[in-house]
Amino acid sequence: MKDAEELILRSRRVVTPEGERPAAVAVSGGVISAVRPYEAPDPAGARVVDLGDDVLLPGLVDTHVHINDPGRTEWEGFATATAAAAAGGITTLVDMPLNSVPPTTTIAHLTVKRDTARGRVHTDVGFWGGAVPGNVKDLQPLHDAGVFGFKCFLLHSGVDEFPQLDPAELEEALTELTRFDALLIVHAEDPGLIDGAPRRGGPHYADFLASRPRAAEDTAVAGLIALAKRLGARVHVLHLSSSGALPLIAAAKREGVRVTVETCPHFLTLTAEEVPDGATEFKCCPPIREAANQDALWRALADGTIDCVVSDHSPSTVDLKRKDTGDFAAAWGGISSLQLGLPAVWTEARRRGHTVADVARWMSAGPARLAGLTAKGAIAAGYDADFAVLAPEETFTVDPGRLHHRNPITAYAGRTLHGVVRGTWLRGERIADHGAVTGEPVGRLIERPADGS
């Protein structure tokens, strides 16, 4: 790109890997060419965007999104999901292999998924593969085709076309993945403890919470760590909600076990004590737990035990949330939050004394590192020019009807949040402006970097 076409984004608050500082970020050919002093003269003919006191963050990376397309497009779809992501400051997401039909468990199914997404995505989109009974032979071909790793369940996934792995199948799959050093990402709840927990239908959140005890997570995580240690495998614990597993994870990391862990905005911002009876929009699995448990998750974020924060955006049609009966047992489990994750986390982070740089580390750099995306997750020379612009002290009240999600239901409805996303840029091109998605979809379908694991 010629100097005359160069883009300069200037802000008094730019979040770089070294911390927040005034800077002028130069973009050329969709890539950050330099991070210059704030007062640096602009190149002749450069297009300059002055952001004032708004914070320039690296574009968020969300590695846990259920798009459900094709097959359950009425739940969500590539166009709506990526529009919501763009409006929320997310520039890259990785789609989960289930809730679409077919699931991403073979090369043929991956081809269907990519063909469905092509030309319809506002953000960059990659794909996880699935590890299910009987598809061990498909794992390396999927890996070679560029999936970022493989998801499995240890108990029923909620959809019959994506079965769980039993202990022998888990070991078989992980042994195979270790052969080419691929990552296994795991929904870790122990099926025996879930089956033995009290089960009562109805509108009382306390009854639902009792049906998904913390011990089920803790036991499953302990078993996964032991297996990873024995095999020398790479494993990642999805959507951790139980603080009881944190000492196990911290100890495993100290011992050199290759384990990482994520948590989600709803576990960091919502508490069991505040969930009204019948409010099934709050149902997810594992569940939103008590305030004291939440405090421990925040401490683990601060000390690095938890590696990243991602949405686990798991939408459905409104009828599947069973708002007519308020029956938690019958309702679909999943929180719709793709557009709201950044302000939700920032609202609670600022209250607890954390900085926007902390949030960028948890929601951009951390997920990028998990997925091996070496050109994403930082404002530094050589990285993709992906940005989110945040007005951190402005507030808004969540109106589900104004979200880009296909279905207007979310646990954040009516909440006042800090942090208005003013704009989102993908490779130097503005893709969202004050909540409105701009232009035609310009996102790309991305693959695991060839030199990544």
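Q: What makes strand S16 stand out in the lining of the second largest pocket?
A: S16 gives that lining its largest share, four residues. Strand S15 (387–397) and strand S16 (416–426) each supply at least two residues. Strands (E, at least two residues) and helices (H or I, at least four) are DSSP runs, numbered from the N terminus. This is a predicted model, in which local features need pLDDT of at least 70 and side-chain atom pairs count only at pLDDT 80 or more, while totals for chains, interfaces and linings use all residues. Residues are numbered from 1 along each chain as its sequence is written, and side-chain values use heavy atoms, without hydrogens and water.

Q: Why is such a space called a pocket and not a cavity?
A: On a 1 Å grid over the protein atoms alone, a cavity is a set of points where a 1.4 Å probe fits but cannot get out, whereas a pocket is an open set with protein on both sides within 12 Å along at least five of seven lines; lining residues have an atom within 4 Å of a point. The second largest pocket has 18 lining residues, and Gln339, Phe396, Arg402, His434 and Gly435 lie nearest its centre.

Q: What makes eight residues of that lining nonpolar?
A: Ala, Val, Leu, Ile, Met, Phe, Trp, Tyr, Cys and Pro count as nonpolar, Asp, Glu, Lys and Arg as charged, and the others, Gly among them, as polar. By these classes the lining of the second largest pocket also has seven polar and three charged residues. The largest pocket has 15 nonpolar, 15 polar and eight charged lining residues.

Q: Why is strand S11 called mostly covered?
A: Buried means under 20% relative accessible area, exposed over 50%, and partly exposed in between (1.4 Å probe, protein chains only). Five of the five residues of S11 (183–187) are buried. Leu183, Ile185 and His187 lie on one side, with Leu184 and Val186 on the other.

Q: What makes S10 and S11 a pair?
A: Two strands pair if DSSP finds at least two bridges between them. S10 and S11 run parallel and have four bridges, so they qualify. Phe150 stands opposite Leu184 in S11.

Q: Why are the buried residues of helix H2 said to lie on the same side?
A: They are Leu110, Lys113, Arg114, Thr116 and Ala117. They cover an arc of only 160 degrees around the axis, which puts them on the same side of H2; the arc is that of the directions from the helix axis to the C-beta atoms.
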